[in-house]
Amino acid sequence: MAVTYKKLFHLMIDKDLSNAELMEQAGFSANIITRLKRDNYLSLDTIEKICNTLNCGVDDILEFIKEPTEDTDD
């Protein structure tokens, strides 16, 4: 399964919070914002920092998406 952080960016828009403000308030580097934008892996520690900063739950910032499976009918 893959993960997407689109919900996080929608929540940030709703809260009028910039990437820089989230970085400062949650206490992480710009590298984390890049990883979020690319839907890359984040540690649970980082996810916890984001949730605590935004006062939300994990399901408010990320979503698991099923990756398409390949049919191997030869």
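Helices α2 and α3 are oblique to each other in this predicted model, and I shall begin with how that description is reached. Helix α2 covers residues 19-26 and helix α3 covers residues 30-37; they pack at an angle of about 125 degrees, and their axes lie 9 Å apart. An angle over 145 degrees would count as roughly antiparallel, and one from 65 to 115 degrees as roughly perpendicular.

Which residues make the contact? On the side of α2 they are N19, L22 and M23, and on the side of α3 they are A30, I33 and K37. Sorted by class, the residues of this contact comprise 4 nonpolar, 1 polar and 1 charged.

Helix α4 spans residues 44-54. The angle at which α2 and α4 pack is about 105 degrees, with their axes 9 Å apart. Are these two helices roughly parallel or roughly perpendicular? Because angles from 65 to 115 degrees count as roughly perpendicular, α2 and α4 are described as roughly perpendicular to each other.

On the α2 side we have A26, which is found in helix α2. Is A26 buried or exposed? Its relative accessibility is 9%, and A26 therefore counts as buried, since the cut-off for that word is under 20%. Apart from its neighbours within four places in sequence, A26 is in contact with K49 and T53. Consider also A26 and T46, which are 20 residues apart in sequence; their C-alpha atoms are 8.4 Å apart in space.

On the α4 side we have L54, which is found in helix α4. L54 has a relative accessibility of 3% and likewise counts as buried. What does L54 touch, if we leave aside its neighbours within four places in sequence? The partners are L8, L11, K15, L17, L22 and I61. With T4 as a reference point, L54 is 50 residues away in sequence and 17 Å away in space, C-alpha to C-alpha.

Next, the loops. Two residues in the loop between α3 and α4 deserve a moment, namely D39 and N40. D39 is not a glycine, yet it has a positive phi of about 55 degrees. The relative accessible area of D39 is 31%, so D39 is partly exposed. N40 is also partly exposed, with a relative accessible area of 30%. Beyond its neighbours within four places in sequence, N40 is in contact with Y5 and R35. N40 and D60 are 20 residues apart in sequence, and their C-alpha atoms are 17 Å apart in space.

In the loop between α4 and β2, where β2 covers residues 63-65, we find N55. N55 is another residue other than glycine with a positive phi, here near 55 degrees. Is N55 buried or exposed? At 71% relative accessibility, N55 counts as exposed, because the cut-off for exposed is over 50%.

Finally, the chain as a whole. How many helices and strands does the protein chain have? The secondary structure comes to 4 helices and 2 strands, and along the sequence these follow the pattern β-α-α-α-α-β. Buried residues make up 30% of the 74 residues in the protein chain. Among the contacts with a separation of 6 or more, 59% are between residues 24 or more positions apart.

As to overall dimensions, the C-alpha trace spans about 55 × 20 × 20 Å along its principal axes. What radius of gyration does the protein chain have? The value is 14 Å, whereas a compact globule of 74 residues would have one near 11 Å.

Methods
Residues are numbered from 1 along each chain as its sequence is written. This is a predicted model: local features need pLDDT of at least 70, side-chain atom pairs count only at pLDDT 80 or more; totals for chains, interfaces and linings use all residues. Side-chain values use heavy atoms; hydrogens and water are left out. Axes are lines fitted to C-alpha atoms, for helices over the stretch in contact, and angles run from 0 to 180 degrees between N-to-C directions. Angles under 35 degrees count as roughly parallel, over 145 as roughly antiparallel, 65 to 115 as roughly perpendicular and the rest as oblique. Contact means heavy atoms within 4.5 Å. Ala, Val, Leu, Ile, Met, Phe, Trp, Tyr, Cys and Pro count as nonpolar, Asp, Glu, Lys and Arg as charged, and the others, Gly among them, as polar. The radius of gyration is taken over C-alpha atoms; the globule rule is 2.2 Å times the number of residues to the power 0.38. Buried means under 20% relative accessible area, exposed over 50%, partly exposed in between (1.4 Å probe, protein chains only).
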